[in-house]
Amino acid sequence: MGLHGVKAVFFDLDNTLIDTAAAGRRAIEEVISALQSKHHYGEEEARAICDKVQAKLLKECHDPAKMCITDLRISHWEEAIQETIGGEAKRDLAAECYYLWKTTRLQHLTLAEDTRGMLTELRKGLRLLLLTNGDRQTQREKIEACACQPYFDAIVVGGEQKEEKPAPSIFHYCCDLLGVQPAECVMVGDSLDTDIQGGLNAGLKATVWLNKAVTTPVDTFPVPHYIISSVLDLPAVLQKMEHNINAKLGTDHMASSNE
């Protein structure tokens, strides 16, 4: 698919190309099961620990210069266990929970066959780049786990750059990597705050918001150029863009002919 005006597509990773949320839920259930069967915690206690860890992950602020992500996340589990159970810190149990959660989550991160097919087709006419925020180690492990490297011309991890999405600098860095202009690129992602706002900040040609919810919020902000409910709907959006560009080119040509 060669598109007039569009030369590259940037894809977010988590919950766009791979279902990180679902893999995370599977991982949490594994830990709950282990806490009950192996360590004899009640289900309520086990779930309370996991709920606390998930809350800590959502608020996580990580400075790799001060602490590696492994130590930080083991600390999340250690704190959650202590907050729930009380008593002395249980670092060994915390580490066991963390590694079980991490390995289970990675095992369930897969790039679906139909998504692979779509990327293969798109790459015949476009340059594709993976642009993901997050800690370097964590994101590289996910990329390895879902084996998505062969489908992209370049992979950029926010944790390896000076700034992450939505800063314009990381988008412009991606453009430079591919040798394209911002106005020739499309950003696809599930986050309005990072993917869509970032694409708009950087002056990309279009932003495509992946919204898996059944209904779209009325007061969506920032406003994406396009909304899709599945990443597999992207080729149709790109064709629509091409049609619109061709129509405009035809109109402009007619206008200049009539002058």
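**Notes on the predicted model**

1. The accessible surface of the protein amounts to about 13,200 Å², and carbon and sulfur atoms account for 51% of this surface. The model under discussion is a predicted one.

2. As to overall make-up, the protein contains 9 helices and 6 strands. Its C-alpha trace spans about 85 × 40 × 35 Å along the principal axes. Of the 259 residues, 45% are buried. Where contacts link residues at least 6 apart in sequence, 64% of them join residues at least 24 apart.

3. The charged side chains number 27 positive and 38 negative, and the centres of these two sets lie 2 Å apart.

4. The largest nonpolar core comprises 34 residues, and those with the most contacts inside it are Val 9, Phe 11, Phe 152, Val 186 and Leu 234. Elements giving two or more residues to this core include the strands β1 (8–11) and β2 (127–132) and the helices α5 (113–122) and α9 (234–258). The largest share, 4 residues, comes from α9.

5. Beyond residues up to four places away in sequence, Phe 152 touches Phe 11, Leu 17, Leu 119, Arg 123, Leu 128, Leu 129 and Leu 130.

6. Arg 73 lies in helix α3 (residues 69–85). Arg 73 counts as buried because its relative accessible area is 12%, the limit being under 20%. Apart from neighbours within four places in sequence, Arg 73 is in contact with Leu 57, Glu 60, Tyr 98, Trp 101, Arg 105 and Thr 138.

How values were computed
Residues are numbered from 1 along each chain as its sequence is written. This is a predicted model: local features need pLDDT of at least 70, side-chain atom pairs count only at pLDDT 80 or more; totals for chains, interfaces and linings use all residues. Side-chain values use heavy atoms; hydrogens and water are left out. Buried means under 20% relative accessible area, exposed over 50%, partly exposed in between (1.4 Å probe, protein chains only). Contact means heavy atoms within 4.5 Å. A nonpolar core is a set of buried Ala, Val, Leu, Ile, Met, Phe, Trp, Tyr and Cys residues joined through side-chain atoms within 4.5 Å. Accessible areas come from the Shrake-Rupley method with a 1.4 Å probe; for residues, only the protein chains shown count as cover. Lys and Arg count as positive and Asp and Glu as negative; His and the chain ends are not counted. The place of a charge is taken as NZ of Lys, CZ of Arg, CG of Asp or CD of Glu.
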